[in-house]
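Reader: I'm new to this one. Can you walk me through it?
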Amino acid sequence: MSEPAQALLETQGSRLGRRPLNPVLIAFIIAVLLFVVGELVSPGFAAYSQIINVLRVSSFLGIIAAGQTLVILSGGEGVDLSVGAIVTFGAIIASRVIDGQDSMVLWGLAQALAAGLALGAVNGVLIAYLKVPPLIMTLGMASVVKGLILVYTRGQPSGRAAPIMVRLVSQETIFGIPGILWIWLLLTIVLTLVLRQTTFGRSVYALGANRRTAYLSGIAVQRMVVAVYSLSGFLSALGGFFFLGYTESVFLNLGDRYVLPSVAAVVVGGTSLAGGAGGYVGTVVGSIVLTVLQSVLVTLRMEESGRQIVYGLVLLALLAAYGRQYRLRQ
Amino acid sequence: MASTGIESAERRFWRALWDRLRVPTWVSYALLAVTVAVNASLQPFFFTLYNIQSNLNTFVPLVAAAVGQTLVILGGGIDLSLGAIITLVDVVVVTLMEGSMERVPMALLAGLAVGGAAGLINGLLVAYVRLQPIVATFATSFVWSGLALWVMPRPGGAVPRAFYRGYRDVFLGVPVAAWIILGIILLWLIIKRHRITRYILAVGGDERAAYASGVPVTKAKVMSYLLGGLFAGLAGLGIVANTASGDPYVGGPITLQSITAVVIGGTRLSGGAGGAGGSIAGAMILSLIGNIVFFANVGSHYQELINGAIVVLALALAGIPALRRRSA
């Protein structure tokens, strides 16, 4: 047998054989373990109200990482590093338009979402038609959006969240669960159904598995890529809008903290960075793992430097556990 | 856009031609000439020694970083932790110097060693643990910047006067920074002729074929990251000399800039084709574009937007051949 053919067989063999455990399950177990560690270090960490609070904080990352999941699933080295800047822009637009009035909430939301959708579409068009590598296109887009933010605000963001948004994020409904968690649950169900049951969702997986076969099966590859990046921009702006309800006022680097974690949440949730395999439920669990981890590190009173180091090491450990690539030999 | 599995002979010919023209390096040199010309027309004192010198002083870190990033990208990888390595080198060197000239050689060597070690770890993670380069270096970037914050929690430190004055000096009628850039070019020319570069290119072009032809794939990958880290170390030293202080956040933007410089310089982002000569030109183009935007007297709020837009535009222009290639 020729070497390349052997290598190919090897790839397929190891792909099929390597995943004895479901990554979503592993991530879930890690999340539970982290809660246990937190409880041991500081009693009360895993109390019901605290768990709800951690979930509430995870929801922003989860919503932002929803777009990232679609982008990564669609393959072609897909990744969206402009999510942070678009989150900030969405929050800044909403804050300025709404300026504390409940009556303006929908109008502010619509403007923020339109901006996110448009910026995502630009990413998609340049990636799909001009073949700009996604990584560098979206990094470049991040700096363009930061520039747009400076022009839009003249360096001084204005306005604030409306009371109804704050209530949505903070006020408890049944079972002490805030409204934002219900919205996140709804998004999870809708997105999972879309990915599994609709033509659109199946096409995203097909794109990620192999662009050429996707094309030969009649999928409009380039239009799908534009749609996926547009959705990512849209969901980032949505995340920014909800995050505004949490922070109540805006600042110029509000979304920066979400760029890398959004990718990490997807990977921790077991979605393959090569595309074509994974799903949104994994990302949800991944977002929770990362948020609990941060929270445990804060509870341990670790300095920012230590937190970053541990965060990086945990990420590496998770990647080594199930993000490895095949080996080039027999 | 249509795409077919079978290509006509004519199509294949044009495609081969376009592949050869792939953001050709001469385009980067031409772009460099254009940016220099525009700069000179906006800045009346552009060609004075003082101005050339102060420009070159700020170029050195990005030039070194771009060469490092080129080596990694040529091998089919990418180093998203490059900026964090540069930051780590910066704070380690400044801390070790303690403001005394006798400690400078030791501190500089330590800086290079830190850069090399960080690159080596990246390389081992990618080649032996077989993590995907994007996420692996992404994760290590947290480790490097966390370490940098641990070494130096806030900007400061003392750099001996003689050291940073020496960097701004003129030697044999040529600014020291220009000598350093020439040195980096020379270094690249030496590395380019070494066997390892052929291996790195082969691995970046087609890993499986390289493996089948007996190229030491893992070794080539590790070496590409190790060299990338060493050049990042060099970039860190340049920052120490240029800013004369330590800053635990200084390297952040350099990661993107180095990748952009590589792309503008004509290296294929998926690896296997290109070289550092174009990247060096790309690094200078990027720095000069920043200058142009600054001197063109647009409102300060517009500067970042225009800077970003120009970079995206350059990337889009580099992608125009793809429109003709029509591959799905």
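This is a predicted model: local features need pLDDT of at least 70, side-chain atom pairs count only at pLDDT 80 or more; totals for chains, interfaces and linings use all residues.

Reader: At what angle do helix 3 and helix 12 of chain A pack?
Author: About 65°, with their axes 8 Å apart. Helix 3 of chain A spans residues 48–73, and helix 12 of chain A spans residues 259–268. Helices are DSSP runs (H or I, at least four residues), numbered from the N terminus. Axes are lines fitted to C-alpha atoms over the stretch in contact, and angles run from 0 to 180 degrees between N-to-C directions.

Reader: Which residues of helix 3 of chain A make the contact?
Author: Leu61(A), Ile64(A), Ala65(A), Gln68(A), Thr69(A) and Ile72(A). In contact means C-beta atoms, placed from the backbone, within 7 Å.

Reader: New topic. What does Val289(A) touch?
Author: Ala27(A), Ile30(A), Ala31(A), Leu34(A) and Val268(A), not counting residues up to four places away in sequence.

Reader: And how many residues of chain A are in contact with chain B?
Author: 51 residues of chain A, with 47 residues of chain B.

Reader: Which helix gives the largest share of that side of chain A?
Author: Helix 6 of chain A, with 13 residues. Helix 6 covers 134–153.

Reader: How do the residues on that side divide?
Author: Into 31 nonpolar, eleven polar and nine charged. Ala, Val, Leu, Ile, Met, Phe, Trp, Tyr, Cys and Pro count as nonpolar, Asp, Glu, Lys and Arg as charged, and the others, Gly among them, as polar.

Key:
Residues are numbered from 1 along each chain as its sequence is written. Chains are lettered from A and ligands numbered from 1 in the order in which they are written. Helices (H or I, at least four residues) and strands (E, at least two) are DSSP runs, numbered from the N terminus. Two residues are in contact if their C-beta atoms, placed from the backbone, lie within 7 Å.
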